[in-house]
Amino acid sequence: MSWTKKIVGVFTYLIFLSISVAILLEVIFRILPTSESFNLQKVNIDDPILRFEENRDVTKQIGFNFKHVNVKHINNYGYASDKDFQKKELQTKPIIAVIGDSFVEAMEVKNKDAFHAILDKGLLSHDVYPIGISGSPLSQYIAFSRYAEEQFSPKLYIFLIIENDFDESFKKVKNVPGFHYFNETEELTLVEFYPSIIRKILRKSAFVRYVYLDIKIKARINSLFKNKHISKEIQANTNMNFLKLGREAINKFLDNIKDLTGTSKVIILLDGDRSSIYNGEMKRNINKPVNILYEELKELSISIQNVEIIDLHNFFLNDWIENAKKFNYDYDYHWNEHGHAVVAQILLDKIKNDIFSTVQN
C-alpha cells in the first residue's frame with residue numbers, strides 16, 4: 001500500500017470518527033435537559049425592539065451539571081412572563097412596566113417566582129409587564145421605555161439598574177447587535193441584528209447550545225486571556241473611564257426619564273452590594289466605582305418630580321442580618337427565589353403605602 005493510500009485511509013478514519021463522536025454527543029445532549037435557544041428576533045428600523053420568539057416554552061439550564069433547570073414561558077410580546085401583554089386600547093387595568101436586563105428576564109427562577117410576577121399577583125388592580133433582555137444597559141432601557149409608552153401607556157415605570165448598565169450604554173464599549181447605544185454625540189442609535197443562517201443552524205444543535213449557553217465557553221475563553229495582574233495605574237485609568245462614561249450615561253438616562261414623569265411615576269431600583277454584605281460589611285464598598293455611580297444617581301434624581309429611588313442595599317442588609325439567606329446562587333450572581341421575594345415585598349410596600357394613589361386610572 002502506497003503512502004498516499006495510507007494517508008487517505010487515516011484521514012478517512014479520522015473524519016468517520018469525528019462524525020461518529022459528533023452524532024453521539026448530539027444524541028446524548030438531546031436526551032439531557034440542555035438549554036434551548038430563546039431565539040432572539042431580528043432587530044432593525046422596522047422592528048427596533050429586542051425580543052424573543054413569541055408564545056413558547058423554553059428549557060433553561062443554569063450551570064453545567066443539570067441540577068438547576070427551568071422551563072420559561074415567553075409571552076405574546078416575546079418576553080419571559082406567564083402574562084400576555086395587551087395594547088393600551090384593549091387594557092382593562094392600568095399598567096406597571098418593569099424594565100431591565102437579565103435580572104428582569106430572570107432566567108434563573110420560574111416565571112411565577114420573579115419579583116415582577118409576585119408584584120403582579122399582589123396588585124390585583126394593576127397589570128405588571130416585565131420588559132427585559134439579558135445584556136441591556138441604560139441606553140436600551142430608554143428604548144424599552146419609549147416602546148412601553150407607545151404600546152401600553154404605563155402609569156408606573158420600574159427600572160432595575162445593576163453594575164454593568166453604565167459604561168455598556170456606549171457603542172464604543174459594547175456594540176453588540178440588537179441593542180440601542182449612545183454614539184459619539186451621545187444620541188441613541190440602534191445596532192441592527194439579523195440572525196445568520198449559521199446561527200439558525202447552530203441553534204438546532206443541543207451540544208452546541210450546551211457549550212455556548214450552559215458552559216458559556218466564549219466567556220471562559222475570554223477570561224483565560226484576560227490580564228488578571230494589571231498594574232494599579234491601569235486599573236485606576238479603567239476605573240476613571242468607567243466613572244466618566246457612567247456619569248454621561250446617568251445624565252442621558254435621567255434626561256429621558258423626565259419625559260415619562262409628566263403622566264407617570266418612576267421607581268429606580270439599585271442593586272445592593274451583596275458581596276460586601278456577605279463579607280460582613282454594613283455599607284457599600286466605596287472602593288467599587290459602581291457604588292460611586294449609584295450615590296451620584298441618587299443625588300441627581302432627588303430634583304426630578306415623580307421619581308423614587310429605592311436602594312436595595314439596606315433592605316438586603318437587614319434581611320441578611322435577620323435570615324442569613326443569600327439573595328443569589330453560589331454558582332450564579334443573579335437573584336435567586338429569596339432575592340426576588342425580598343425585592344417584590346419592598347415594591348409592594350412602597351407602591352401600596354406611598355404611591356398607590358399615583359398609579360390609579
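Modeller: The largest nonpolar core has 55 residues. A nonpolar core here is a set of buried Ala, Val, Leu, Ile, Met, Phe, Trp, Tyr and Cys residues joined through side-chain atoms within 4.5 Å. Buried means under 20% relative accessible area, exposed means over 50%, and partly exposed lies in between, using a 1.4 Å probe and protein chains only. The residues with the most contacts inside this core are Y79, F159, I161, F166, F253 and I268. At least two core residues come from each of strand 3 (95-100), strand 4 (127-132), helix 4 (138-152), strand 5 (156-161), strand 6 (180-182), helix 8, strand 8 and helix 10. Helices (H or I, at least four residues) and strands (E, at least two) are DSSP runs, numbered from the N terminus.

The model is predicted: local features need pLDDT of at least 70, and side-chain atom pairs count only at pLDDT 80 or more, while totals for chains, interfaces and linings use all residues. Residues are numbered from 1 along each chain as its sequence is written, and side-chain values use heavy atoms, with hydrogens and water left out.

A second, separate core has 29 residues, including F115, V128, L156 and I267. In general, nonpolar side chains tend to be buried together in soluble globular proteins.

Five strands form an open sheet in the order 4-3-5-8-9, with parallel pairing; two strands pair if DSSP finds at least two bridges between them. Strand 4 and strand 9 (307-311) are at the edges with a single partner strand each, so one side of each has no neighbour in the sheet. On average, neighbouring strands of this sheet are turned by 20 degrees against each other, direction ignored. Strand 3 and strand 5 pair in the parallel sense over four bridges, and A97 stands opposite Y157 in strand 5.

Two helices meet these strands. Helix 3 (residues 115-122) lies across strand 3, strand 4, strand 5 and strand 8, and runs at about 170 degrees to strand 4. Helix 4 packs on the sheet and touches strand 3, strand 4 and strand 5, with its direction at about 160 degrees to that of strand 5. Axes are lines fitted to C-alpha atoms, for helices over the stretch in contact, and angles run from 0 to 180 degrees between N-to-C directions.

Strand 1 (residues 56-61) pairs with strand 2 (residues 69-74) in the antiparallel sense over six bridges. K60 stands opposite N70 in strand 2. Five of the six residues of strand 1 are buried, so the rest of the structure largely encloses this strand.

L243 is found in helix 8 and counts as buried at 12% relative accessibility. Beyond residues up to four places away in sequence, L243 touches P289, I292 and L293.

N291 in helix 10 is also buried, at 5% relative accessibility. The side chains of N291 and D273 are joined by a polar contact of 3.1 Å. A polar contact is a pair of N or O atoms within 3.5 Å; within protein, one must be able to donate a hydrogen and the other to accept it, and residues adjacent in sequence count only if both atoms are side-chain atoms.

D273 is itself buried, with a relative accessible area of 5%. The side chains of D273 and K288 meet in a salt bridge of 2.7 Å, N to O. This pair links distant parts of the chain, 15 residues apart: K288 is in the loop between helix 9 (274-278) and helix 10 (289-301), and D273 is in the loop between strand 8 (265-270) and helix 9. K288 is partly exposed, at 24% relative accessibility. A salt bridge is a side-chain nitrogen of Lys or Arg within 4 Å of a carboxyl oxygen of Asp or Glu, and the structure holds 16 of them.

Note on methods
Contact = heavy atoms within 4.5 Å.
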